[in-house]
Amino acid sequence: MSRQIIVGNWKMNGLTADSAERARTIAAGLPAGSSAEVVICPPFTQLAALASIVKDTRVGLGAQNCHKDEKGAHTGDISPQMLTDLGVSYVILGHSERRQNHGEIDETVREKAVAATKAGLTPIVCIGETEDQRQSGETQNTLGWQIKGSLPDGFSGILAYEPIWAIGTGLAATPDDIRETLSFLRAELIRQFGETGKSISILYGGSVSADNAAEILAIQDVGGALVGGASLKPDAFLSIVRAASAG
Ligand code: PGA
């Protein structure tokens, strides 16, 4: 398996001084010889400050969104080129909070993934079913369509499977559920993308914590974790990183 990647999605939390301190603590606490790739995704306004903090460390920097265009009349938006300009390497796209609260649909996400890749960013594209879809047995159908709609042809980024009902609830999917869904996702990636579908990393996200990380990261084909709440606590986040190293 390729290196596992642990991504911290800080969402809309923290002011610059706190975030800088958190980034320093994470960089200083990374286990020596860790094989995991570690990425933090702070709010846009903190990217510049954090870029200089993580510059010569093993911590990578990601953003939580970007626009599909390079420039233009898009008030309040940030282009992929503006991110690479700051030293950002990754961008989370199509997070369920963007899909639900900002009307992003698969097509929006796919266009952003194309633009991000063109700018040199690695897109982390999120998909996931709602509780209703899960209850009505629509999980695989939903995810299959999201892959088809959100990932562009020739996609070479990262896929994050985040069941919406597991985000921020403290109720992660069970290892059996993750195993089953991941094997479906892998088959679907191969069906839709052929050979390249074999090498796309699939992260799990949704209430990953210091307590459940080892079990989740040990599951066959889990390429890492997308971590929300626990990524705001350096101790918890570093425990998750250690679990990846051991996995
Ligand atoms: P959570 O969030 O770890 O707090 O559940 C995950 C995410 O939204 O990416």
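Let me begin with a definition: on a 1 Å grid over the protein atoms alone, a cavity is a set of points where a 1.4 Å probe fits but cannot get out, while a pocket is an open set with protein on both sides within 12 Å along at least five of seven lines, and lining residues have an atom within 4 Å of a point. Grid points are joined across faces, edges and corners, and a volume is the space filled by probe spheres set on the points.

The model is a predicted one, in which local features need pLDDT of at least 70 and side-chain atom pairs count only at pLDDT 80 or more, whereas totals for chains, interfaces and linings use all residues. Residues are numbered from 1 along each chain as its sequence is written, and side-chain values use heavy atoms, with hydrogens and water left out.

The largest cavity holds about 50 Å³ of space. Its lining includes His95, Arg99, Cys126, Gln146 and Glu162. Helix α4 and strand β5 (122-127) are the elements that each give two or more residues to this lining; helices (H or I, at least four residues) and strands (E, at least two) are DSSP runs numbered from the N terminus.

The largest pocket contains about 460 Å³ of space. It is lined by 19 residues, of which Met12, Gln64, Asn65, Arg98 and His102 are the closest to its centre. Helix α4 (residues 96-101) contributes the most to that lining, with 3 residues. By class, the lining comprises 7 nonpolar, 8 polar and 4 charged residues, where Ala, Val, Leu, Ile, Met, Phe, Trp, Tyr, Cys and Pro count as nonpolar, Asp, Glu, Lys and Arg as charged, and the others, Gly among them, as polar.

For the second largest pocket, the volume is about 260 Å³. Its 20 lining residues have Gly168, Ser207, Gly228, Gly229 and Ala230 closest to the centre.

Finally, the distances. A side-chain N or O atom of Glu162 is 2.7 Å from an oxygen atom of the ligand. For Gly168, a backbone N or O atom lies 2.6 Å from a ligand oxygen atom, and for Gly229 a backbone N or O atom lies 2.8 Å from one.

Key
Polar contact = N/O pair within 3.5 Å; in protein donor to acceptor, adjacent residues only side chain to side chain.
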